[in-house]
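Hi there,

Here is the structure I promised to pass on to you. Have a look at it first, and then read my notes below.

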Amino acid sequence: EAWSCRFPGAVNSKFTDTLKFEHPSTYPAIPTYRCTTPDGDIIDSSIEPPPDSLALLMYENMIAVSIMDVIMFEAQRQGRISFYMPSQGEEGTCVGSASALEKEDVIFSQYREAGVFMQRGFKFEDFMSQLFANKNDNGRGRNMPVHYGSKELNIHTISSPLATQIPHAAGAAYALKMQRRQNPSLPPRVVACYFGEGAASEGDFHAALNIAATRSCPVIFICRNNGYAISTPTLEQYRGDGIASRGVGYGIDTIRVDGNDIWAVREVTRKAREIALKDGGKPVLIEAMSYRISHHSTSDDSFAYRARVEVEDWKRRDNPITRLRKYLEKKDLWNDEKEAEVRKRLKAECLKAFSDAEKEKKPSLRAMFEDIYEEITPEIQAQIGELREMLDRYPDEYDVTEFEGGKET
Amino acid sequence: QNPELPAEVRSGTTQQMNLFQSINDALSLALASDDSVLLFGEDVAFGGVFRCSMNLAEKYGAERVFNTPLSEQGIVGFAVGVAAEGMKPVAEIQFADYVYPAFDQLVNEAAKWRYKEGKGGRHVGGLTIRMPCGGVGHGALYHSQSPESLFTHIPGLTVIIPRSPIQAKGLLLSAIANKDPCVFMEPKALYRAAVEQVPTAYYTLPLSKAEVLKEGSDLTIVSYGHPLYTCNAAIEQAEKDFDISIELIDLRTVYPWDKECVLRSVQKTGRCLVVHESMVNAGIGAEVAASIQEDKETFLRLEAPVMRVAGWSIHMGLMFERFNIPDVATGGRD
């Protein structure tokens, strides 16, 4: 037909004789899906209400994260661990989305996803071993605190460089798709990948969404848009309609959701998983809106760039934990007594894991040199010898007693 | 005649191949022998801009041999993810000159993966990154670079540069089979120029092992990749002119490198010259020279300073390449 362009770069485009630029402002902002009111009432009758036992477990997991956050933030202030990053305000996004994934699904995260780990089955003991970098730490004492990972739970270990995990997720999803194609007896699996709205400004975000779309990868990108990247507000991060509006540009099914509404997050993730596995696989983008109530990290005092009253307001007005609590109370599953009991128990469990982990030995010194390559190279072997000589010669300069096996490893 | 190859490979059929054909042959054998091998990058599906992946998409399917969007950080990041789930991606960067957008993925992710994962033991060892490198006569600033020493400064990466079709095939198959991430740099000037009879069977050549190409007693020359041909010609000339005997070593893997082989040779000859195309400053030659003088036994045997013949500390200007890449005459300048 005459008015179709037929240019290969945009085959569905039509010619127009009206000279008109597309203005972002003429497009309505993508709406934010919610299915529960701030009072805990379900307002979307189409959603499947989760079983009560799961609802209670998810509530406990959110509380567990918030209790651990308070204890560990304080522990860092006392100098007992070197660093910490809380996730106050974002427990709903993490616990809600993780609850909709299967155990075999592979997860890549940024660093503010303690709720994902908790919901998957990472225990206080596992968190503490990593935070104290003791000999039970999966990462063998090499990574900064909060850089968790678990092979058993199919969560790749966190690394500090932002957004690098987004193309990894696309590649991993392609691998899962190929593995199932080669062996149809494998269960269908997706990859879920978490990142903040600041990380979405990195080139790796662009590279990842584009390649995930062109290679039809079964991956769910979950952006935690919490309003700030350290001190930078979103107004200085982007000028488009958040992160969600970009998904459409890459040809990716996209949704924006209220991150404080755990049932909305869960439902959206559940549907995203179905979409991601359909027709041989494709990516989905979820932008979960929330507010970073906590400081960025223990190295940050956020009142240097935002008003205390703004934070207090978010804490009170809308909070994923209180919203789920209201839901549970309305179903007669929860009350003040249970709340006090659970908080007391979780706090005790957390503190027990804390003090156990603090007392543990650090990994053996040898762990410093291992896993650079599959085999220790002759060069590194020689350096192990050099370090040992140094420790022998200057025993008073280096305290090795806290490391398992001392210098004899 | 290559003693590193198993007897059945040596006695098997051979075929005349140039370097791009032997790489194509290696890729084809890797894809045939292991379902988890995937091949991708910019323009690899139609055969690649240097023809290294000719006919592979047709033979092994568009799901295993495919084009990616034009994004180096995306290619390497994607490959890291594929490898993290246990597969063996062979990713191509169209020119080594364009690997820098992927530097973060290589340095911070691929190289550190096994280390950061720790106990779980997960790794991205299935990863191989191929890239054409080196001068080609008219490549100028962005089609001539040899950035190998930028990678040799990164613990966790294995950096390999072959000199010939037989070697390229064996080393590439080793890189793909190896359980550490490998950077495989292909001297593009040799794609068509280097031709030999290559065994058609699957075979590998050892990594991190140098090869003594010619024994000698008065001087050790250490090099790798394309300049080995120049070294050969220079040695022929020098041995005639000066009545000396020169030992020639091909590093093959420039990191982790075969220090022992080089030290042993220099202990015998007492003199060493390192030759490479990339610029002299902080290049492979600097590491080789420092290692020689640092080793007490070798240092005491030295009869002359270790010398380097390498590119100048400049960019590769289009019209000036022939004055920058080491040739037979510059080999004699020391």
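Predicted model: local features only at pLDDT ≥ 70, side-chain atom pairs only at ≥ 80, totals over all residues.

Let's start with a helix pair in chain A. Helix H1 (residues 52–77) of chain A packs against helix H8 (residues 262–277) of chain A at an angle of about 115 degrees, and their axes are 12 Å apart. H1(A) and H8(A) are therefore roughly perpendicular to each other, and the crossing of H1(A) past H8(A) is right-handed. On the H1(A) side, A:Leu54, A:Ala55, A:Met58 and A:Met62 meet A:Ile262, A:Trp263 and A:Arg266 of H8(A). Of the residues in this contact, six are nonpolar, none is polar and one is charged.

Chain A also has two non-glycine residues with positive phi. A:Arg6, in the segment before strand E1 (32–33) of chain A, has phi near 65 degrees; its relative accessibility is 72%, so A:Arg6 counts as exposed. For A:Ala163, phi is near 75 degrees. A:Ala163 sits in the loop between helix H4 (124–131) and helix H5 (165–182) of chain A and is buried, with a relative accessible area of 0%.

Over in chain B, look for B:Glu247 in strand E11 (residues 246–250) of chain B. B:Glu247 counts as buried because its relative accessibility is 4%, under the 20% cut-off. Its side chain makes a polar contact of 2.5 Å with the side chain of B:Lys268.

Lastly, B:Tyr255 and B:Pro256 are joined by a cis peptide bond, with omega about -15 degrees. B:Pro256 belongs to the loop between strand E12 (253–255) and helix H11 (259–269) of chain B.

Happy exploring!

How values were computed:
Residues numbered from 1 in each chain as written. Chains lettered and ligands numbered in written order. Heavy atoms only, no water. Axes fitted to C-alpha atoms, helices over the stretch in contact; angles between N-to-C directions. Helix = DSSP H or I, 4+ residues; strand = E, 2+ residues; numbered from the N terminus. Parallel < 35°, antiparallel > 145°, perpendicular 65-115°, else oblique. Left-handed = near helix turned anticlockwise from the far one by under 90°. Contact = heavy atoms within 4.5 Å. Nonpolar A, V, L, I, M, F, W, Y, C, P; charged D, E, K, R; others polar. Buried < 20%, exposed > 50% of the residue type's maximum accessible area, 1.4 Å probe, protein only. Polar contact = N/O pair within 3.5 Å; in protein donor to acceptor, adjacent residues only side chain to side chain.
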